[in-house]
Amino acid sequence: MTEQKAAERMARAVADIRARMADAARAAGRAPGQVLLCAACKTRTVEEVRYSAGLDIDLFGENHEQELTEKADAGAYLHKPCHFIGHLQTNKVNRVVGRAAMIESVDSEHLLQKIEAAAGRLGLVQDILIEVNIGGEASKSGVCPEGLWPLAEAAEAAPHLRLRGLMAIPPAGAGADETRAFFADMRRLLTRLQEKRYARALPDTLSMGMSGDFEAAIREGATIVRIGTAIYGPRNYGPRP
Ligand SMILES: *Cc1c(COP(=O)(O)O)cnc(C)c1O
């Protein structure tokens, strides 16, 4: 595929996703503007990301600190915000805090305290989401639903963190009905978090839904959908050119 063809394909894909997002929002009685499109751009090149940044994308999502640093330094995001959505190793925290507008994948008190310390050193308040392992998969990151509450308390007590809500990745093998039920579970957890009426937290964000299930996620209350394949095409995990 020529570069021109690839760019046209990406532009059409983003327009199509936007239309489907708006339809799903309206079907649920929600305003389309309530749902943000996060381009999950792991493995994509600086050029691909820079091109996509000119399209109707609200923010980017990165899974690895090295990719975030490389693309941010190259100006690939065109000043759109970038969220950290992957498993964050504690030795990478210093390079992610401040660079990522939000860290969506906080799933342990240890990681939470490392982020608090780094944000304190920089004198900023870092927005975070708590990642919930909603499908209970042994291999997945995220806290179990009951583990959410102590982590939320810890975030509320950390002066350089602001808890903005929850993130989840349902099991890849789940059927459509099961996935939708997981999304509904997440919505109920966010409501319970809002009902805590914390003084500092601002839990208005529910990040869920990917290429294969974002419409269901929007119908159940997602405020951010994270989409990779449907924007950029299949990922190639081989050596980068
Ligand atoms: C890769 C990734 C996505 C996007 O997945 P697609 O199926 O390619 O849309 C979303 N969220 C996270 C955390 C990811 O790692």
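Biologist: What should I know about the model before we start?
Modeller: It is predicted, so local features need pLDDT of at least 70, side-chain atom pairs count only at pLDDT 80 or more, and totals for chains, interfaces and linings use all residues. Residues are numbered from 1 along each chain as its sequence is written, and side-chain values use heavy atoms, with hydrogens and water left out.

Biologist: OK, at what angle do α1 and α2 cross?
Modeller: Roughly 45 degrees. Helix α1 covers residues 3-27 and helix α2 covers residues 46-53. Their axes come within 10 Å. Helices are DSSP runs of H or I, at least four residues long. Axes are lines fitted to C-alpha atoms over the stretch in contact, and angles run from 0 to 180 degrees between N-to-C directions.

Biologist: Which residues make the contact?
Modeller: Ala-7, Met-10 and Ala-11 from α1, with Glu-48, Tyr-51 and Ser-52 from α2. Contact means heavy atoms within 4.5 Å.

Biologist: New topic. How many residues has the largest nonpolar core?
Modeller: 69. Phe-60, Ile-103, Leu-166 and Ile-231 have the most contacts inside it. Such a core is a set of buried Ala, Val, Leu, Ile, Met, Phe, Trp, Tyr and Cys residues joined through side-chain atoms within 4.5 Å. Buried means under 20% relative accessible area, exposed over 50%, partly exposed in between (1.4 Å probe, protein chains only).

Biologist: What does Ile-231 touch?
Modeller: Its partners include Arg-9, Met-10, Leu-37 and Ile-57, leaving out residues up to four places away in sequence.

Biologist: And where is Ala-19?
Modeller: In helix α1. Ala-19 has 39% relative accessibility, so it counts as partly exposed.

Definitions and conventions
Helices (H or I, at least four residues) and strands (E, at least two) are DSSP runs, numbered from the N terminus.
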